[in-house]
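Please look through the model below before reading on. The explanation goes from the whole chain to single elements and then to single residues.

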Amino acid sequence: MWDNKATNQMASLDHILRLLPLLFIIIIISSLQVLPASAKSSDKLKTATTIRKVNRKGPYVGLVTVIETEENAFLASVKFRPDPTHPFIDLSGRRFRIGKIQGKKVMYVRCGRGMVNAAAATQQMIDVFKVKGIVHFGIAGNINNSMSIGDVTIPNQITNAGLWDWLNPDKAEGGDDEAYLDIRKYNVPQREGNNNMLGSFRYGYEQLYSVTGHINSPQNVFWINTTKEWLHLAADLEKIELLQCVNSTLCLPEKPKLVVGLKAATANIFVDNAVYRDFLYDTFEVSSSDMESSAVAMTCVSNGYPVIVIRGLSDLAGAQRGTNAIRKFGSLAAANTAKAVLEFIKKLPPNYNFESYV
């Protein structure tokens, strides 16, 4: 009996010894999983402390651009003085830069392409930092034949031209919608009864939730308005001299101009099609097309923050012959945009009261 008991104990001990390496590995893996969580908590606390310190120095003018070309032109064109103590804070993969331009406190971020990126970065800036208004800037496609590559537009209204229903070909047009795009009209060759199963698009309205509206009762809007008082400040910018040449061998045929008060369209679409370009202008009378502006503007309006949009025209959105000109003139358009942004920041009074602009 005792021999059997001893034998069983020895077998159990042998089994435990065999499991020890596996148990050791499990403990190591568990430690590796716990340690980063602890480090992340420490990093979050450090970041939160830094944000509080930065916000004590506010408020800031929020600056939101989109791609690296625009960022490079901006940082090269303006005298941006980083904050000596906290020059930047990294959040959600984005770098929020803190500093001064022309003595004005600014906070700057590159959001990335598209409406989701634009809205997310703008909302994060508004929620986390003490900013009291947003200047959104970048390049755009030219939709208006009276405008040219290199020109800068500061729109007073922006629409989301990518919010539409793709209709059944048999569905009749009508109702309260803003506009329709009937694809059958663009069949080649054109002839009576030439059907097209792609049907048509029906352009719809944004649902604007706003701090000034009723809870859970959005307003249907087709146009988002930028801040009138800021547009008035920008009116004098039409006199500024913009760059005409990329370099000594590549210049535009005419001097670029800046125009305040036109309309713009936004969608998650890079427009490089002459027919659709004409449709946008003929239907909505927009002068530029980009992929972020309405998202930034709508986020600001929703939160009750002043906003202005400044866009340099980099290409003809499909009206050109051959290759799109954005690769040739994108940097020039970005530089002219940066110049306009700098001049606008100069226009802001030293002790500006943002609340009076909402």
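The model is a predicted one. Its secondary structure consists of seven helices and 18 strands. Of the 358 residues in the protein, 45% are buried. Among contacts with a separation of 6 or more, 76% are made by residues 24 or more positions apart.

Two packed helices are described by the angle between their axes and the distance between the axes. For helix α2 (residues 68-77) and helix α7 (residues 326-347), the axes come within 8 Å and cross at roughly 50°. With that angle, α2 is oblique to α7, because angles under 35 degrees count as roughly parallel and those from 65 to 115 as roughly perpendicular. The crossing of α2 past α7 is right-handed. On the α2 side the contact is formed by T69, E70, A73, F74 and S77. These meet G330, S331, A334, A335, A338, V341 and L342 of α7. By type, the residues of this contact are seven nonpolar, four polar and one charged.

Helix α3 covers residues 115-128. Buried positions in α3 are M115, A118, A121, T122, Q124, M125 and I126.

Next come the two residues. A297 belongs to helix α6 (residues 293-303). The relative accessible area of A297 is 0%, so A297 counts as buried, the cut-off being under 20%. A119 is 178 residues from A297 along the chain, yet the C-alpha atoms of the two are separated by 8.7 Å.

I308 lies in strand β18 (residues 307-315). Is I308 buried or exposed? With a relative accessible area of 0%, I308 is buried. Leaving out residues up to four places away in sequence, I308 touches I134, V135, H136, I154, W230, L231, A234 and F344. P155 is 153 residues from I308 in sequence, and their C-alpha atoms are 8.0 Å apart in space.

Key:
Residues numbered from 1 in each chain as written. Predicted model: local features only at pLDDT ≥ 70, side-chain atom pairs only at ≥ 80, totals over all residues. Heavy atoms only, no water. Helix = DSSP H or I, 4+ residues; strand = E, 2+ residues; numbered from the N terminus. Expected span 1.5 Å × (residues − 1). Buried < 20%, exposed > 50% of the residue type's maximum accessible area, 1.4 Å probe, protein only. Axes fitted to C-alpha atoms, helices over the stretch in contact; angles between N-to-C directions. Parallel < 35°, antiparallel > 145°, perpendicular 65-115°, else oblique. Left-handed = near helix turned anticlockwise from the far one by under 90°. Contact = heavy atoms within 4.5 Å. Nonpolar A, V, L, I, M, F, W, Y, C, P; charged D, E, K, R; others polar.
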